[in-house]
Protein chains: 2
Amino acid sequence: MSESPPIVVPRGFRASAVKAGVKPSGGLDLAFLAADGPCAAAGTFTTNRVCAAPVRWCRENLPADDVRAIVVNAGNANAATGAQGEASVRQTAERAAALLGCEARQVLIASTGVIGHQLPMDRIEAGLVAAAPGLSADPESFRTAAQAILTTDTRTKIVSLQHGEGAGAYSLLGIAKGAAMIGPRMATMLAFLLTDAPVWPNDLQPILSEAVEESFNCVSVEGHTSTNDTVLLLASGAASNDILRGDDLKPFADMVRSACRTLAQEMADDGEGATHFITIDVEGAADRDEARNLARAVADSPLVKTAIHGADPNWGRIVSAAGYAGVPFEETELSLWINGVSVYALGTPTAFDASALSADIRANRDVHLRLLFSRGDASIRFWTCDLTAEYIRLNAEYTT
Amino acid sequence: MSESPPIVVPRGFRASAVKAGVKPSGGLDLAFLAADGPCAAAGTFTTNRVCAAPVRWCRENLPADDVRAIVVNAGNANAATGAQGEASVRQTAERAAALLGCEARQVLIASTGVIGHQLPMDRIEAGLVAAAPGLSADPESFRTAAQAILTTDTRTKIVSLQHGEGAGAYSLLGIAKGAAMIGPRMATMLAFLLTDAPVWPNDLQPILSEAVEESFNCVSVEGHTSTNDTVLLLASGAASNDILRGDDLKPFADMVRSACRTLAQEMADDGEGATHFITIDVEGAADRDEARNLARAVADSPLVKTAIHGADPNWGRIVSAAGYAGVPFEETELSLWINGVSVYALGTPTAFDASALSADIRANRDVHLRLLFSRGDASIRFWTCDLTAEYIRLNAEYTT
């Protein structure tokens, strides 16, 4: 997952990024994504009660059919910043709108970084002014934008997909950040999806919501929901004048789902300090919520995550994590496989070669846990990573 | 909290402990607590759906007014062991009952250790036979028993309390284990409380349940609820023939509460790898459940725990953890203090000396977080510890 794919830029979009001086490191920290014309737009956001000012701004202005830009800064989350934080968002949108010749409400904003500090507005405004002339449809400008939204991520997260050829063809480009649901001093997972597919605004939100439900909502690094989580999808419609309807929406929805899954998996794989990428399949649950609660309890257990880090097929930690998920199952309804090896069947331990399984875990970055219940037909696929001393170092060795 | 207090053994109880060979280390691992006569008994247990065979056994046989013994082994949790695990518990109880001359149902059982392995019954039975002749009311035998129930704990956890003098006097002795709600390969927190106070069985359970609610249920190390959590309270009544009733029960209930709190705090303080003991006060919540959910979200956040390990007054991590607790508060309803320093007031950051606060956290093992809401009158005090690389090492560097 470490190689960035070749990029096809959907028609109607340009990007630029600069070093605005928000990150203490002095790196790229301001991304400007602009549309040539009005775009249909949809978004999904954090469920945290403490949510960032830019999240409030996007919620207020979405859904919309005339979005013109997304401005993203890294290095400062503009979260828990009170009324001044709200004013900063408005000021950012107004400055970008002036540069593009549109209204402030047509500019969406996202931030990631330390919580509780006011945005340095002089730097943000100067950064926007410096970025605007560089707006370009060149793939390289989108790679640079993908770089500018990162915090503790070790690599950019980009997905580029195409559908069809010739007249009806359209494409989708997505970029994301997130080395944890929250990083050290930084909060957030962000993802921005751009497409030239011609989609009605009313169709866009359900397609995005559904895709997010089974991608970003199925990832956890340490279970700490950020204040800034934001996924935005902009459709320029530049690919065609024939709006997609009915069955023609299906390949587009599949594309959005595929893009979200790819980016979500890359987040878990790039989890802070991670040495293992863990896929958890929960099957046979009574309903989707139940499946999610079971998967999340396993994914978030520090004891499961440290066991996998230590290549320990300590399945008792896995079944006991499922046991406190709030799902009223009986032990005899549960069977468990680790990397395809049966370790627990219908409530009873299975005889297995623990040292061979340990060697298998040690030798492979990918680990697969399958929990099969006999409660119903619902299932979920969930992704997480292991918990390492490097995670502790990254998150403890920082002083405000 | 590291010094064991002088012990007063409540009348009517004896203890013994041996090295039965269940722990791979070869240390003390079997504790036998016996009552001279029938005791009123109450218990509280894990809420995990995957619960150990001894937990099922105790649940079946409680409440009771004629309990004669508690047998505890460390090194094997006898959890997720199916029908064979149930048979092992019965066999253990039967063997102990034969040694004491009572029925199996009068013997309570608790286990702690690795999940999913069958108990070595030959060793357990031989251990019981070896332990029985050593049963003694000497304080030293209870200290040895407190040692035998430990797993990764770095020290024994003992509380000894007395009430009154002369004829009406009674005492309570408690021992516990738990270096985490779950330890590496070991599951569990266990606590055993013995008293000679004359209390009706019907009064004993509510007194214990209430005490557990605000002690053991307010502790978290990493949030992984064990399969074996067990708290048992035995009352021999040997102190007096005058049963405690009405207002006379109040000092006894206070004693139980105090004992549970002391042992619970010692567990968090002895959390695996911990360098800080953290007290979290949530005040002004709408109800007790709300207060608990808020406190638990903060206590279980790896980002809050690593920040405190790093002496970082990164309060954004604390308010954002509260934000995903499932409590529908507004940011303007929340204020936060760290070690008495206001860092966030009614939804807005406070100006404070971050380096002085960091130095204060670094210099002291005790850390105090106070979250004040303006939603109601409910409050809770919760205890946890920080998350360190040593925790990762303890839990990863083990292979089954």
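Tutor: Contact means heavy atoms within 4.5 Å. With that in hand, start with how the chains meet: 98% of the interface residues of chain B are also interface residues in chain A, so the copies meet through the same surface. This is a predicted model, where local features need pLDDT of at least 70, side-chain atom pairs count only at pLDDT 80 or more, and totals for chains, interfaces and linings use all residues. Residues are numbered from 1 along each chain as its sequence is written, chains are lettered from A and ligands numbered from 1 in the order written, and side-chain values use heavy atoms, without hydrogens or water.

Now for our part, the largest cavity and what's around it. The structure holds eight cavities of 30 Å³ or more, and the largest has a volume of about 50 Å³. (A cavity is a set of points on a 1 Å grid over the protein atoms alone where a 1.4 Å probe fits but cannot get out; lining residues have an atom within 4 Å of a point.) Its lining is made by Val304(A), Ala307(A), Ile308(A), Asp312(A), Pro313(A), Asn314(A), Arg317(A), Ile318(A), Ile338(A), Ile361(A) and Leu369(A). Two helices, α8 (302-309) and α9 (315-323) of chain A, each supply at least two of the lining residues (helices are DSSP runs of H or I, at least four residues; strands are runs of E, at least two). The largest share, three residues, comes from α8(A).

Hop over to chain B to see how covered helix α8 is there: seven of the eight residues of α8(B) are buried, that is, under 20% relative accessible area with a 1.4 Å probe, protein chains only. Those seven are Pro302(B), Leu303(B), Val304(B), Lys305(B), Thr306(B), Ala307(B) and Ile308(B). After α8(B) comes Ala311(B), with a positive phi near 55°.

Back in chain A, remember Ile338(A) and Leu369(A) from the lining. Strand β10 of chain A runs over residues 334-338, and four of its five residues are buried. β10(A) pairs with β13 of chain A, residues 366-373, in the antiparallel sense over five bridges (pairing takes at least two DSSP bridges). Across that pairing, Ser335(A) stands opposite Leu372(A). β10(A) also pairs with β11 of chain A, residues 341-345, again antiparallel, over three bridges. There, Trp337(A) stands opposite Ser342(A). β10(A) and β11(A) make a hairpin with two residues between them, and Asn339(A) in the turn has a positive phi of about 50°.

Six strands form an open sheet in the order β12-β11-β10-β13-β9-β14 (chain B), with mixed pairing. At the edges sit β12 (348-349) and β14 (378-385) of chain B, each pairing on one side only. Inside the sheet, β10 and β13 of chain B are antiparallel over five bridges, and Ser335(B) has Leu372(B) as its bridge partner.

How values were computed
1 Å grid on protein atoms, 1.4 Å probe; cavity = no way out; pocket = protein on both sides within 12 Å on 5 of 7 lines; lining within 4 Å. Points joined across faces, edges and corners; volume = space filled by probe spheres on them. Buried < 20%, exposed > 50% of the residue type's maximum accessible area, 1.4 Å probe, protein only.
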